[in-house]
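Work through the exercises below with the model open. Each task is followed by its solution.

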Amino acid sequence: MARSAPKKLLLGLTVALILLFLIEGLASFVGALRAASRVQGLREEGHCEYDAELGWRHVKGFRKADFYAPGTTMTINSQGFRSAGGDFQKEVPTGRYRVVFLGDSFTMGFGVDDEKTFAARVEARCAEVEAINMGNGGYGIGQAYLWYRRDGDAFETDLLVFSVIDDDFRRLMLESFSGYPKPRLRLAKDELVVDNVPVPSGWSSRTAKLRAQVFLRSLSLGRAMTRLIGASAPKPPEIADFDPVARRVFRELKELCASRGRGFALVYLPTAPRGSTETPIAVWMRRMAAEESIPLVDLSRSFAALEAERRASFYRPDTHFTTAGNDFVAERLLDGLRALFPAFPRD
């Protein structure tokens, strides 16, 4: 029995809709695969490994030419520090003034050659200085503090310089950074306590997990669910939340250095290629350092005074410093540290 014209039309529309949904689903699937394939793991995965106390650490003895780009070698000595000059002896060499530069990827020198980090440039500009680079990508204030207590304190040192950016304070309060598990510091009865240790493993599988998440979010269904539920953007750090813990970390480092006969200074690094460098955390840093009697080199105003074009040239697209940016930081650091510490070498 022949179908009526309305039934044929309905059947045709049904088939067309099914084909349309299949094609749309296939396009969504292919698009999600492409989005996942573009995900790059943290560059730190290339030179770091799992650490039960810190989350991750440099691979000792690692060296790779053209690591970030042609002409940018990444070298980690056998002690776990970024250094093109090999290992450091425990004692300060005769005639040298040793500075340990502690911090995150800005201190480590993300994107530039071993010899172009601001720690290396300080050493190059002042022959008496011996610089130990204790920077690592993704580290917050807590991880840097724990790393120095474990591996840096054993080295005789004239001055410890701890450089921080705004995001280091957010990381201080978290148990993971970009999905990588890490320790978390908190205060309990006015004492620093370390949570989330041993740190859960999973360092090497992080990129695969991130690609899976991006794939699911990029599907049409995933996008619809995100719109329905609402995407959760990272919240900026609340000063009231991190203030007590951060102060305690800085105070303990100051006291530790004093007990060892070392100087201690904080450095604030702005991370805004354009716009204001006068962030709430920059203001808080100045107030906190004055209240705690901790020497501070605040570079926010040095960067703010620059012409917009020159300032922008000091940052990579990922907002880390270019070679020129690291040079500028080294110049201002030398000026600031010499003003704060009379014993700091002048030549």
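Predicted model: local features only at pLDDT ≥ 70, side-chain atom pairs only at ≥ 80, totals over all residues.

**Exercise 1.** Is R247 buried or exposed? Which side chain does R247 meet in a salt bridge?

Solution. R247 has 11% relative accessibility. The cut-off for buried is under 20%, so R247 is buried. Its salt-bridge partner is E292, at 3.0 Å from N to O. R247 belongs to helix α8 (residues 239–260) and E292 to helix α9, so the bridge ties together parts 45 residues apart in sequence. E292 is buried too, at 14%.

**Exercise 2.** Trace the contacts of R286.

Solution. Start with its place: helix α9, residues 280–292. Next, the side chain of R286 makes a polar contact with the side chain of D298, at 2.5 Å. Leaving out residues up to four places away in sequence, R286 touches E278, L296, D298, S300 and R301.

**Exercise 3.** What does the salt bridge between R125 and E331 tie together?

Solution. The two side chains meet at 3.3 Å, N to O. R125 lies in helix α3 (residues 118–125) and E331 in helix α12 (residues 323–340), so parts 206 residues apart in sequence are tied together. R125 is partly exposed at 37%, and E331 is partly exposed at 28%.

Definitions and conventions:
Residues numbered from 1 in each chain as written. Heavy atoms only, no water. Helix = DSSP H or I, 4+ residues; strand = E, 2+ residues; numbered from the N terminus. Polar contact = N/O pair within 3.5 Å; in protein donor to acceptor, adjacent residues only side chain to side chain. Contact = heavy atoms within 4.5 Å. Salt bridge = Lys/Arg side-chain N within 4 Å of Asp/Glu carboxyl O. Buried < 20%, exposed > 50% of the residue type's maximum accessible area, 1.4 Å probe, protein only.
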